[in-house]
Amino acid sequence: MLTKRIIPCLDVKDGRTVKGVNFLELRDAGDPVELAERYATEGADELVFLDISATLEGRKTLVEMVKAVAAAVHIPFTVGGGISAVSDVRVMLDAGADKVAINSAAVKNPGLVNEISAEFGSQCLVVAIDTKYVDGTDLVHTHGGTKPTKLETVSWSREVCERGAGEILLTSMDHDGTKNGFALDITTRVSKAVSIPVIASGGGGNAVHFAEILHNGIADAALAASIFHYKEVEIADLKTSLLQNNIPVRI
Amino acid sequence: MKLAIVKYNAGNVQSLTFALNRLGVDPILTDDPDELFSADKVIFPGQGEASSAMRSLKRNGLDHVLTGLKQPFLGVCLGMQLMCERTEENHTECLGIIPIQVKRFIPNGIKVPHMGWNDITKLNSPLLKGVQEGSYIYFVHSYYLPVCEYTTAECTYDVPFTALLQKDNFYAIQAHPEKSAEPGMAILENFLKL
């Protein structure tokens, strides 16, 4: 049986892992390669690296980091942040990434989703969507969640699916960093609207939250960052708890 | 040991190379027929779309080279599908090594691609020595081989399908062994020992 995936996310800036609350107040959380190895050993099913370096130097560091991660771990990993062209994708895949995530660039140029999936296949393309509830509507936000767009989240999800995305990484900015649980409503609606897997992100604080979001028909995978970095939740314990709740996971 | 990875325009082999390095083998990436014929073993990777992958193989005459190889040969993911007769993916004629047709998963109540860790059963392959029944390996694919006489391990996603197969010297795996943690490394190691 296909299992639900637990995915630690590592926000990376200039070669270090960082974590903030509601996209702000960054704290250092360690060496990304060491963390990746630790997570792989502890039973993570995949990893996601989101680069938030603003500089060219930081981007170069990222390529070296991707190579180091690919050499160190034997589970799939995704790299996102600042990818805006087919050539950026090629650099990351050649360095050993399995998938890339695009976010703002897809909103700016939706054709990029078609281009990347035609060139490399849907399987390597994750479209990341940051969503926030604004005046009664779930709206897509870009640029690390700072810029609202006019795109409604469910219809945008459907569009990227049709354009060839292989997977959607849906982050609720309302829930991110709160540890009060994932965004069940919007995640359910996105998941029902598309035929591709959906990774839920934002708000996971304990095993109950993961069980809620991974329950039948909602998310195919759940992602979290700081609770894993700071060992507030151990991946092995989390998976044991999910199994006890009849949610299929790989142990 | 001389291990050749088939070079053509379909997917990145960086992770596969790293995994083989860890097992003490330094593979060569080549599209040279002489290199491929003289290798002790050949791995045929693949990601992406079938028709463009087949075009890339034919452009270099690799389609005829691959079907004529006599040494242990391992197709991975799209590589496995290209070894078959044809695939529903853009109605592509493939290499014809395995006389089976590749079908598409129907996204009717299931998500497509089939992406993630799934368990394999009915294990019957030298590649699976030391791998336990029900082990999880990592899959990413939208098309599948039905279970057939060449199947050496099964997996189920909506329907049962071929996870591993063997016909003579031709072995193949639908999942990504280089991304499948310990069971995946065991499969690669067993292939190297054939």
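A residue counts as buried if 20 or more other C-beta atoms lie within 10 Å of its own, and as exposed if 12 or fewer do. The model used here is predicted.

**Exercise 1.** Find which residues of helix H10 (residues 235-244) of chain A are buried, and decide how they are placed around the axis.

*Solution.*
1. Apply the burial cut-off. A:Ile235, A:Leu238, A:Lys239 and A:Leu242 are the buried residues of H10(A).
2. Check their directions. They cover an arc of only 95° around the axis, so they sit on the same side of H10(A).
3. Turn to the other side of H10(A). There A:Ala236, A:Asp237 and A:Gln244 are exposed.
4. Identify the cover. Strand E1 (5-13), H1, helix H8 (207-214) and helix H9 (226-229) of chain A are among what covers the buried residues of H10(A).
5. Look past the end. Just after H10(A), A:Asn246 has a positive phi of about 60°.

**Exercise 2.** Classify the packing of helix H1 (residues 32-42) of chain A against H2(A).

*Solution.*
1. Take the axes. They come within 9 Å and cross at roughly 25°.
2. Angles under 35 degrees count as roughly parallel. H1(A) and H2(A) are therefore roughly parallel to each other.
3. Assign the hand. The crossing of H1(A) and H2(A) is right-handed.
4. List the contact. H1(A) gives A:Pro32, A:Val33, A:Ala36 and A:Glu37; H2(A) gives A:Met65, A:Ala68, A:Val69 and A:Ala72.
5. Sort by class. The contact of H1(A) with H2(A) has seven nonpolar residues, one charged and no polar.

**Exercise 3.** Describe the side of chain A that touches chain B.

*Solution.*
1. Count. 27 residues of chain A contact 27 residues of chain B.
2. Locate. Helix H2 (56-72) and helix H3 (86-95) of chain A each supply at least two residues of this side. The largest share, three residues, comes from H3(A).
3. Classify. This side of chain A has twelve nonpolar, eight polar and seven charged residues.

Notes
Residues numbered from 1 in each chain as written. Chains lettered and ligands numbered in written order. Predicted model: local features only at pLDDT ≥ 70, side-chain atom pairs only at ≥ 80, totals over all residues. Contact = placed C-beta atoms within 7 Å. Helix = DSSP H or I, 4+ residues; strand = E, 2+ residues; numbered from the N terminus. Nonpolar A, V, L, I, M, F, W, Y, C, P; charged D, E, K, R; others polar. Axes fitted to C-alpha atoms, helices over the stretch in contact; angles between N-to-C directions. Parallel < 35°, antiparallel > 145°, perpendicular 65-115°, else oblique. Left-handed = near helix turned anticlockwise from the far one by under 90°. Arc of directions from axis to C-beta.
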